[in-house]
Amino acid sequence: MKSHYLPADLRLTQAKMPEFTALNMPVHRASTLTYSSARDFLNRFERMIDGFSYGLYGTPTGRALEKQIAEIEGGEHCMLLPSGLAAVTHPLLSLLKQGDHVLLADCVYGPTRDLCTSLLAQYGITHTFFPSDAATIEPWLNDATKLVVLESPGSYTMEIQDISVIATQAHKNGALVLMDNAWGFGQIDCFKHGVDIVATALSKYASGHSDVCMGACTVKDRALFEKLKMSFIGLGTGVSADDAYLVLRGLQTMTVRLAEHAKRGYAVAKWLDEQPSVSQVFFPALETDAQHDRFKRYFDGGNGLISLTLHETDISRIERFIDSLEHFRIGASWGGTHSLIALTNISNSRTSAKWKGASWILRLHVGLEPIETLMQDLEKAFSTFTSV
Ligand SMILES: *Cc1c(COP(=O)(O)O)cnc(C)c1O
């Protein structure tokens, strides 16, 4: 048996393939990159930020995706991370130090909230949650506030903060603004409104098929980019070229998928708003939604994500409603082609004020199945509330 198997010399193979001009960016997998001299190897750190030095720190496939994300977000520099959550937690860990204070919208993604109450607290970093639909953050800013975290529309409850006013106040206080833009990716230019760091979950509509976990962190400022990038390198964070390829492929159809999800989402939200079992629909693109004015001011379009509360408060009956659905599958995340339903007890995860609505919030993701099938599915499930 041979002791090792090496492919034929790559340089030779590549020189022999000038006609293999694939339309799409190929998948460039690598841990090791080779260097032509010892000096080159010793100088590799110079290539760490923009060039190629080691697979973990960037591949041509990943860089192509970063370039495209930066363009979509309206920024200059993008860094890929292994999840949407990592795209939020990494900047927090990189920019905050002991004694600092971080201000967050009360509606932030649950795990973002948990990072503040666990790890950040352990490192001596304090936090305050401010009301999710705030038009001002002045009452909660202090000298130690170094970062303000926004999320609009917020997880489950869909509040929209007055982003540009808040960004101005934060900057006057010497704080940076990070926006978790999982919802609005491709529908808002956060930088135009003063946001410094835009985090997004590419696991959602960007990849679009519920089979990739990835996130991106985009900035405009070069110095901020270098600071974040060096921290992310230090934390040992990177993504695989295979995953980057899948997101690049997803992006090719994102605009048409998103438009279709938004159209269906709107139709289902409007219909839900008229159902006797439903107490409230949370869908900012709906004219009757409390957030609609800010939605129009900040976003170019909507998507297929709808939250709702029910008159029914008995969890076992709510479970029966959910379990009776056939086409809406039960599961977290959203942005793929399938319709999904998730639920949460919101009263435990809002602390700036007592949550006034019903405790159990249901969240639908309207997928690309025939809309009549989805409506019938919901209608049949609603009938479980009237039957004994
Ligand atoms: C989905 C989501 C995330 C996390 O994305 P993952 O890729 O699943 O880690 C973070 N923030 C918000 C607002 C999200 O909706």
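# Briefing on a predicted chain and its ligand site

With a disulfide taken as a pair of cysteine sulfur atoms within 2.5 Å, the count for this structure comes to zero disulfides. C107, for instance, is in no disulfide, since the nearest cysteine sulfur, which belongs to C116, is 13 Å away. The model is a predicted one, and every value below should be read as a value computed from that prediction. The chain has 388 residues, of which buried residues make up 50%, and the secondary structure consists of 11 helices and 12 strands. The radius of gyration of the chain is 23 Å, close to the 21 Å that the globule rule gives for 388 residues, so the chain is as compact as a globular protein of that length.

**Cysteines**

- A disulfide is a covalent bond that joins the sulfur atoms of two cysteines.
- C107, whose sulfur has that of C116 as its nearest cysteine sulfur at 13 Å, counts as buried because its relative accessibility is 0%.
- For C217 the closest cysteine sulfur is in C78, and because the two sulfurs are 7.8 Å apart they are too far from each other for a bond.
- C217 is likewise a buried residue, because its relative accessible area is 0%.

**Overall dimensions**

- Taken along the principal axes, the box that the C-alpha atoms of the chain fill is roughly 75 × 55 × 40 Å.

**Ligand surroundings**

- There are 13 residues around the ligand, and those that come nearest are G84, L85, D180, S203 and K204.
- Sorted by class, the shell around the ligand is made up of six nonpolar residues, four polar residues and three charged residues.
- D180 contributes through its side chain, in which an N or O atom is 2.7 Å from a nitrogen atom of the ligand.
- The ligand exposes 380 Å² when taken alone, and the protein buries 89% of that area.

**Two helical residues**

- T61 is found in helix 3, which covers residues 60-73, and T61 counts as buried because its relative accessible area is 0%.
- A polar atom of the T61 side chain lies 2.8 Å from the backbone oxygen of P26.
- D323 belongs to helix 10, which covers residues 315-323, and D323 counts as exposed because its relative accessibility is 53%.

**Loops on either side of strand 4**

- S132 lies in the loop between strand 3 (126-130) and strand 4 (145-151), and S132 counts as buried because its relative accessibility is 6%.
- S132 and S152 are 20 residues apart in sequence, and their C-alpha atoms are 8.6 Å apart in space.
- The peptide bond that runs from S152 to P153 is cis, with an omega near -20°.
- P153 has its place in the loop between strand 4 and helix 6 (163-172), and M158 also lies in the loop between strand 4 and helix 6.

**Backbone angles that call for a check**

- Most residues other than glycine have a negative phi, and most peptide bonds are trans.
- M158, although it is not a glycine, has a positive phi of about 65°, and M158 counts as buried because its relative accessible area is 2%.
- S210 is another residue other than glycine with a positive phi, its value being near 55°.
- S210 is placed in the loop between strand 6 (197-201) and strand 7 (215-219), and S210 counts as exposed because its relative accessibility is 55%.

Conventions:
Residues are numbered from 1 along each chain as its sequence is written. This is a predicted model: local features need pLDDT of at least 70, side-chain atom pairs count only at pLDDT 80 or more; totals for chains, interfaces and linings use all residues. Side-chain values use heavy atoms; hydrogens and water are left out. Buried means under 20% relative accessible area, exposed over 50%, partly exposed in between (1.4 Å probe, protein chains only). A residue is near a molecule or strand if one of its heavy atoms lies within 4 Å of it. A polar contact is a pair of N or O atoms within 3.5 Å; within protein, one must be able to donate a hydrogen and the other to accept it, and residues adjacent in sequence count only if both atoms are side-chain atoms. Accessible areas come from the Shrake-Rupley method with a 1.4 Å probe; for residues, only the protein chains shown count as cover. Ala, Val, Leu, Ile, Met, Phe, Trp, Tyr, Cys and Pro count as nonpolar, Asp, Glu, Lys and Arg as charged, and the others, Gly among them, as polar. Helices (H or I, at least four residues) and strands (E, at least two) are DSSP runs, numbered from the N terminus. The radius of gyration is taken over C-alpha atoms; the globule rule is 2.2 Å times the number of residues to the power 0.38.
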